[in-house]
Amino acid sequence: MSIGDLLKGLFSDDAPPRPRPASAAAAGNVEPVLNDLTERLNKMLWNRRAILSGNIHLLGLSRIKEHVGSDWPRIAERAQDIAHKAIQRVCTPDDVFTRYDELSYLVIFANLTKDQAQLRCVEIAEDIARRLLGDNFVDEAAEVSTGVFETDGSLIFNAISKQDLIKKLTGQLSSRASVQKGSGGSEEEETEPSFDQFQMDKTKALASLRVLYQPMCNLRHQVVANYFAVATATNVFGATIWDTAVRAEFAAVLSSTEFDVFVARNVMRDLGGHMAKGIRILMGWPVHFDTLATRANREAYFEVCREIPETIRQLLVLELDGLPEGVPNSRLLELTTVMKSFCRTIIVRVPADFRRFEVFQGCNLGAVGFSLSGVSATDAQRISLMNKFVEAASRAHLKAYVHGLSSRAQVLAAVTAGFEWIDGVAVEKPVQAPGQMHRFSVEDLYRDLEPLSG
Amino acid sequence: MARVLLIEDDHLVRNTVKITLQKAGYEVVPVDDSRKALATLSTADFSLVVTDILMPEMDGLEVILRIRGEKQGIPIVAMSGGGRTRNMDVLGHAQAFGATVTLQKPFLPDELLSAVSQALVGAAQ
């Protein structure tokens, strides 16, 4: 029996799950959580991604709770919020995570090995501890257990410590170094491997960065006439990451401006090449609020924008992302006015639950939108979110778009919700180079239905 | 007695349709999930399928296409709100994909019963 079958059995109605969590506190009513997880795991299985034993991790907050003591009730909600965001920040659209109980989260990394995923969980735990308690408690905060299947199909969580993990990983690196030495490696290759070897630096980050183009469908005209630049990269663990996850991943080594300049230069080069061939398509690219927030950053970025020929500006859509909560209308007006001189139109990406659309009054925006791939929810909740988003945007007389649709059902829901533009792998997959404008129809989505699995 | 497979993710609508059909003498098997519905349909006999179109994970258009791939003749009533859109005629697509009768939500009990009997009569001819 495959692990996929075990998992399906584990979470099916006739074989209720029997996880034995690391902490006693995790033994509460977990049924709703498991139902949610089941739904998302099914989706993962449906997409034929392999789920391997050792890929399910339980990330706990109980050590942080113990450390905080009687203050815990006061900060519990904030801790959970921070934990949720910390996990969300490092998860790719392929990963799955869900709250397990008050003090723990289940995380499944689709593309990481067991060791890589454990290390990633330790990093998340440390990030949470740092944000809540500062640096002093970081070393003790990690509380990660990894689920492995027993022969009867039950799932057991075994706790791991950061020290053991580092020992194991450095052991692996030592072995590799020895192998290299044995095969004629130089003296430099014999240097003691360390935890730092898993850290990203700017050179590695830039070398790993690429820009792909996500076809975007204009639903009113049922045509793909717009390609949206999406950054993609390989992180230190070898996993492919996308979009905002790339920015977050490299935040420590690449400033927001450096990141945005990299994307902008790629788009300009590719769009210039297309223009030279006589192809005219609209091209979108993101720019983060942080890049435009300070005069120095803004100037560095606009210097690049000034290189954009007028003919290309008419085909550019700039997407402003990362707006801080509570940014005033006057600030937005100021930014969008300057941005407008470099592009055809400006769109703004906001969180899925954003409703303060009145702040965009007078900004002359082309649309507002969000990315569904960053939303941790069931498909039904995602559909509901899409409906509410369009309703709220319409009330403010704004057109709406949504990135990251990953299933036909989501596409259909987005179409009927009234979005003007949609994209995502369920619409069309990202491509290396933008193509010609072409028709899009709902019928196309249903051509060549793959056989049902499971 | 006609046996109806009802596929509807919304609890309230599912119950309302189920009760309306049961009161009219139909045997109704309600399912809240498209995949479960297709599995049920492959193992049991039904006279009719009543399906919603906008559903999570697998929408009703895909359900219709899959049923038409397997059980060519079974009548299908497709129902949808899909009201806010100006970009797409959801029920038109349902019909093009093989729905026997379509029904715009919200509908009255009589409209539902009329759609169901119309679909059954059409299939019998």
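The expected span of a helix is 1.5 Å times one less than its number of residues. The exercises below apply to a predicted model.

**Exercise 1.** Work out what span helix α4 of chain A should have, and compare it with the distance between its end C-alpha atoms.

*Solution.* Helix α4 of chain A covers residues 72–90, which is 19 residues. At 1.5 Å a residue, the helix should therefore span 27 Å. Its end C-alpha atoms lie 25 Å apart, which agrees. Now look along the axis. α4(A) has a kink of about 30 degrees, centred on A:Arg78.

**Exercise 2.** Find which residues of α4(A) are buried, then find what covers them.

*Solution.* Start with the helix itself. The buried residues are A:Ala79, A:Ala83, A:Ala86, A:Ile87 and A:Val90. An α-helix has 3.6 residues a turn, so residues three or four places apart point the same way. Next, the cover. It includes the strands β1 (56–60), β2 (96–101) and β3 (104–108) of chain A. The helices α3 (62–68) and α5 (114–133) of chain A also take part.

**Exercise 3.** Describe the side of chain B that touches chain A.

*Solution.* Count first: 19 residues of chain B contact 19 residues of chain A. Then assign elements. α3 (60–70) and α4 (90–97) of chain B each supply at least two residues of this side. α3(B) gives the most, with 4 residues.

How values were computed:
Residues are numbered from 1 along each chain as its sequence is written. Chains are lettered from A and ligands numbered from 1 in the order in which they are written. This is a predicted model: local features need pLDDT of at least 70, side-chain atom pairs count only at pLDDT 80 or more; totals for chains, interfaces and linings use all residues. The bend at a residue is the angle between axes fitted to the seven residues ending there and the seven starting there. A residue is buried if 20 or more other C-beta atoms lie within 10 Å of its own, exposed if 12 or fewer, and partly exposed in between; C-beta atoms are placed from the backbone. Two residues are in contact if their C-beta atoms, placed from the backbone, lie within 7 Å.
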